[in-house]
Amino acid sequence: WSQYAYVQYATDKHYLCNAVMVFEALHRLGSRADRVLLHPKEWIGSVENGMNGTYEHKLMVQAGDLYNVKFVSIETQTERAWPVGFTKLLAFNQTQYKRVILLNSNAMVLQPMDELFFLRRATVAIPHAYWTLDKPSFLSSHLVVLEPSKLEFGRVTDAMLNPTVASLASVVKKVNALYSSTSLILPHRDYNLRTNEFTKTYHQDFLGPDRGDWDAIEVWKRAKFVHFSDSKYPKPWIKPSPDLRKKYWPRCPEGENGREEESQDICREREVWVSLYDSFSLWREVC
């Protein structure tokens with residue numbers, strides 16, 4: 001198991017907390033792989049640099065003591081071609097491991113996922129971005145299974161300096177530029193569920209052709225990794241007002257009186273959506 005690791009990267013205290021939450025879930029679910037946090041070198045927390053007692057230092061100590069997290073201090077990538085948000089791709093340089101799983105921290109781990117370490121050989125394995133049917137080979141970047149190597153890290157680094165790739169505005173576009181034609185594809189129902197799926201009226205993109213009927217509860221039960229992706233709704237660690245929550249939560253079918261029917265049997269989408277956000281809020285208490 002020392003050949004395998006879950007990797008997270010944090011640049012500020014919010015995402016550090018999210019990363020610790022993911023590590024806590026992996027610990028609670030009994031994952032046997034290593035847990036690695038890539039963090040700016042100024043977070044080391046020694047007496048000499050004055051970090052002892054800061055929020056970041058305390059949380060890192062907690063992560064190490066309670067969840068056996070290993071820490072890798074790195075130089076934050078600030079070059080024009082590779083801004084800070086893309087530093088997570090340094091996971092390709094963690095060559096002490098045979099295979100790593102890079103997880104987006106704006107998400108929840110719902111079930112064990114260690115089986116992903118034993119996929120057939122592939123440089124990367126990524127779910128499709130199922131919501132982009134106009135681009136059927138487009139990959140997501142919420143969860144990436146990768147095989148670190150000096151060769152592949154060199155390829156990633158070279159691509160970041162390539163004007164064509166460097167001009168792409170997001171990690172997901174850069175990942176697609178590199179791997180859209182070679183990635184092993186993971187099933188999105190298990191590893192790439194998005195919370196905004198529960199706010200939609202139609203689910204053809206998620207279900208695909210001839211994939212059965214939509215059932216919000218069954219979809220929730222199957223998912224192992226869910227990403228918070230409601231674009232107009234606050235990040236899950238920001239508590240919204242009741243009015244804002246009601247504005248953006250899933251709509252329920254209207255009954256005979258023209259009002260929404262809110263029973264759980266009729267409005268399962270709202271039940272699941274609210275439960276996911278409430279669970280995240282409660283789970284954040286680990287920080």
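Trainee: What is the handedness of the link of Cys17 and Cys287?

Mentor: With 105 degrees about the S-S bond, that link is right-handed. Before we go on, a word on the source: this is a predicted model, where local features need pLDDT of at least 70, side-chain atom pairs count only at pLDDT 80 or more, and totals for chains, interfaces and linings use all residues. Residues are numbered from 1 along each chain as its sequence is written, and side-chain values use heavy atoms, leaving out hydrogens and water.

Trainee: Why is the pair Cys17 and Cys287 called a disulfide?

Mentor: A disulfide is a pair of cysteine sulfur atoms within 2.5 Å. Cys17 lies in helix 1 (residues 13-28) and Cys287 in the segment after helix 10 (268-283), so parts 270 residues apart in sequence are tied together. Helices here are DSSP runs of H or I with at least four residues, strands are E runs of at least two, and both are numbered from the N terminus.

Trainee: What makes Cys17 buried or exposed?

Mentor: Buried means under 20% relative accessible area, exposed over 50%, and partly exposed in between, with a 1.4 Å probe and protein chains only. Cys17 has 1%, so this residue is buried. Cys287 has 27%, so Cys287 counts as partly exposed.

Trainee: How many disulfides are there by this rule?

Mentor: The count is two. The other joins Cys252 to Cys267, S to S 1.8 Å. Its torsion is about -80 degrees, so this disulfide is left-handed. Both Cys252 and Cys267 are buried. Counting bonded cysteines along the chain, the pattern is 1-4, 2-3.

Trainee: Which side chain makes a polar contact with the side chain of Asp230?

Mentor: That of Trp273, at 3.3 Å. A polar contact is a pair of N or O atoms within 3.5 Å; within protein, one must be able to donate a hydrogen and the other to accept it, and residues adjacent in sequence count only if both atoms are side-chain atoms.
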